[in-house]
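Reader: Hi! I have a new model open and would like to walk through it with you. Could you bring it up on screen first?

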Amino acid sequence: MAQWNQLQQLETRYLEQLYHLYSDSFPMELRQFLAPWIESQDWAYAANKESHATLVFHNLLGEIDQQYSRFLQENNVLYQHNLRRIKQHLQSKYLEKPMEIARIVARCLWEEQRLLQTATSTSQVPSLSQTSSFYWLNKPTGNLSGNDMEQKMKMLENLQDDFDFNYKTLKSQGGRIFTSAELFSPRIMDNFFFFPLELQQIVTEMGGLLTAMDYVQKNLTDEELADWKRRQQIACIGGPPNICLDRLETWITSLAESQLQIRQQIKKLEELQQKVSYKGDPIIQHRPALEEKIVDLFRNLMKSAFVVERQPCMPMHPDRPLVIKTGVQFTNKVRLLVKFPELNYQLKIKVCIDKSRKFNILGTNTKVMNMEESNNGSLSAEFKHLTLREQRCGNGGRTNSDASLIVTEELHLITFETEVYHQGLKIDLETHSLPVVVISNICQMPNAWASILWYNMLTNHPKNVNFFTKPPVGTWDQVAEVLSWQFSSTTKRGLTIEQLTTLAEKLLGPSVNYSGCQITWAKFCKENMAGKGFSFWVWLDNIIDLVKKYILALWNEGYIMGFISKERERAILSPKPPGTFLLRFSESSKEGGITFTWVEKDISGKTQIQSVEPYTKQQLNSMSFADIIMGYKIMDATNILVSPLVYLYPDIPKEEAFGKWHVESIVCILTLSMSAHSQSTWLLSSPFIRFGSVQTTILHP
């Protein structure tokens, strides 16, 4: 859109400023009549070249004549009169001084541009609803490109050459340095009026551009990147998968490119200063600060852009990252989000670990970043074959670690270091993994994973290795979400509100509302549950393992109610017809067990709730749980083998629910003493004797 058309759309307050730019020296009517032609001429050049100014002035008179002819055809008497008067005035005043009218027009156009910039910048000040990173980062570097500044610098260099000649000519007269007031004498102004103003304008614009870059960079690193890192933490402990870094990489790379471009423009300012300088020169006053600012911005951006894309993880335990067993390979991946092709194969990454316990890192612990190994062409380095070996000391391998902490509470940082040499800058880059737990025996995995859960649930501090010297408490709301993730991340189902309420009761005791209730680290992982010889987490972790290894398909189908109190179990089964059953986890088995409970009627017709002893991993190794359910029978009062399991709660036929997983029916004999015993007696189902297609059990005395 033409500059004059843009000006007409400004608010009234800006239009009033526009009116004050024009006078009889250069009437606004002429600016209006000849707007496209006026904007197409190089008035700044004409203001310094008399021959060019003369040519442009005569062309101006010719344009006035053409416009006058158009008004004549339109029979617009008023415009004819005004235009004739304007032409006579210009001829009488500027025919012998064409450079003067060129300076006036150039000055007006320059002031118009400033007015437009002021209006635009004011309209772009973010409102409260626009200060979010989403608003700024939809197009985070769109207004930060140095392309416009580069064009202005080229124009400034041309102006500088002329100014340099005129200034040095004056300086040679008397061998003295002129002050700013002398610099703006009529002679200098006649030769070049706008150079100091244009120079000041560019320096001011550069300062504003760096301020804008600083703002966008803070949004990128302190909000967007920090948010990605927090989501990575959550993903590590089973939460929703983290989004990829490609979009952030695009934004950060674009910002880095703009910063380097602006740095080159600042260097050009230094070249201009070396040609000629004067008292009050804005380059002398502001260039060092601009240079320091842009270098600091670039350094900080590069340091923030060096991230751990994939946290340390043992390939055999992909669902439990950040736990490393000595002597077992683990992998991780680092990435630089400034994707400069010239850095490909230039950055050598070194891996090391902290000194709280002495470890040797074995395997390939140095690697060069490249763009070929990644599917998306990112600048990264993936370490696939690292192992840790502990150096034994007199205190069991520990050096400066807190003696009050057990091994599974000790946190360690894996550090990645490199150096960047780019465009004369040396930048040391360093990033860390999230804290990891190092174990020496796989039996330590449950407690180590509990530490990882607790840490990443309660803090986003990236390097707090002393976290467990005084672990903070968590709320039930936080714990419930993380517990549900332990199921949803490795199965197709998380935990329902009812299941979580049952777990809350086991941790906190009976309550109407558990929201906001506090849970200590010791209660979660270290203290035994009431009436039990094991902790809540040990019990739950074994159930998670049971689900993943033995009953995953049934869990995914939603057939396992799992966590339900005995009171709730009785309440929902009692109204159901005989043969209705549900599947739940054992509350008494430390190693993890699953049982089923069903409804039956005794001889008198009274409803009875019966259950079997839990099936553990050892028994489920021999037969599937679906086979057990399909083949389970008891001997009724008439000594006939019958199946007490008919409908899976609420009313799903057993064959429909479990038939597709049933391989071979197993008959289990359950002897009930209807008169003397109210509880069932569980008899081991081995060894088997086969009668046709039915298996029965030899009862041992």
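**A walk through the model**

Author: Happy to. Let's begin with a charge over a ring: Lys506 lies over the face of Trp539, 4.9 Å from the ring centre. The term applies if NZ of Lys or CZ of Arg is within 6 Å of the ring centre and within 35 degrees of the ring normal. This is a predicted model, where local features need pLDDT of at least 70 and side-chain atom pairs count only at pLDDT 80 or more, while totals for chains, interfaces and linings use all residues. Residues are numbered from 1 along each chain as its sequence is written, and side-chain values use heavy atoms, with hydrogens and water left out.

Reader: Thanks! How many helices and strands are in the protein chain?

Author: The protein chain has 25 helices and 24 strands. Both are DSSP runs numbered from the N terminus: helices are H or I with at least four residues, strands are E with at least two.

Reader: And what percentage of the residues is buried?

Author: Of the 701 residues in the protein chain, 47% are buried. Buried means under 20% relative accessible area, exposed means over 50%, and partly exposed is in between, with a 1.4 Å probe and protein chains only. As for contacts (heavy atoms within 4.5 Å), residues 24 or more positions apart account for 68% of those in the protein chain with a separation of 6 or more.

Reader: Back to rings. How many aromatic pairs does the structure hold?

Author: There are 27 aromatic pairs. Rings of Phe, Tyr and Trp (its six-membered ring) pair if their centres lie within 6.5 Å; planes under 30 degrees apart count as stacked, over 60 as edge-to-face and the rest as tilted. Tyr455 and Phe467 are edge-to-face because their planes are at 70°, with the ring centres 4.9 Å apart.

Reader: Where do those two sit in the chain?

Author: Tyr455 is in helix H16 (residues 445-458), and Phe467 is in the loop between H16 and strand S11 (474-475). The pair links distant parts of the chain, 12 residues apart. Tyr455 counts as buried at 1% relative accessibility, and Phe467 counts as buried at 5%.

Reader: Let's switch to sheets. In what order do the strands of the open sheet with S1 come?

Author: The order is S1-S3-S7-S5, and these 4 strands pair in antiparallel fashion. Strands pair if DSSP finds at least two bridges between them. Strand S1 (306-313) and strand S5 (359-363) are the edge strands, each pairing on one side only. The twist averages 35° from one strand to the next, based on axes that are lines fitted to C-alpha atoms, for helices over the stretch in contact, with angles from 0 to 180 degrees between N-to-C directions.

Reader: How many bridges join S1 to S3?

Author: S1 and strand S3 (residues 330-336) are joined by 5 bridges. Val308 has Val334 as its bridge partner in S3, and Val307 stands opposite Arg335 in S3. S1 is largely enclosed by the rest of the structure, because 6 of its 8 residues are buried.

Reader: What about Thr418, is it buried or exposed?

Author: Thr418 is buried, with a relative accessible area of 7%. Thr418 is part of strand S8 (residues 414-422), and its side chain reaches the backbone oxygen of Lys348 at 2.9 Å. That is a polar contact: a pair of N or O atoms within 3.5 Å, where within protein one must be able to donate a hydrogen and the other to accept it, and residues adjacent in sequence count only if both atoms are side-chain atoms. Leaving out residues up to four places away in sequence, Thr418 touches several residues, including Phe306, Leu347 and Ile427.

Reader: Last one: which peptide bond is cis?

Author: A cis peptide bond joins Tyr649 and Pro650, with omega about 10°. Pro650 is in the loop between strand S19 (647-648) and strand S20 (652-653).
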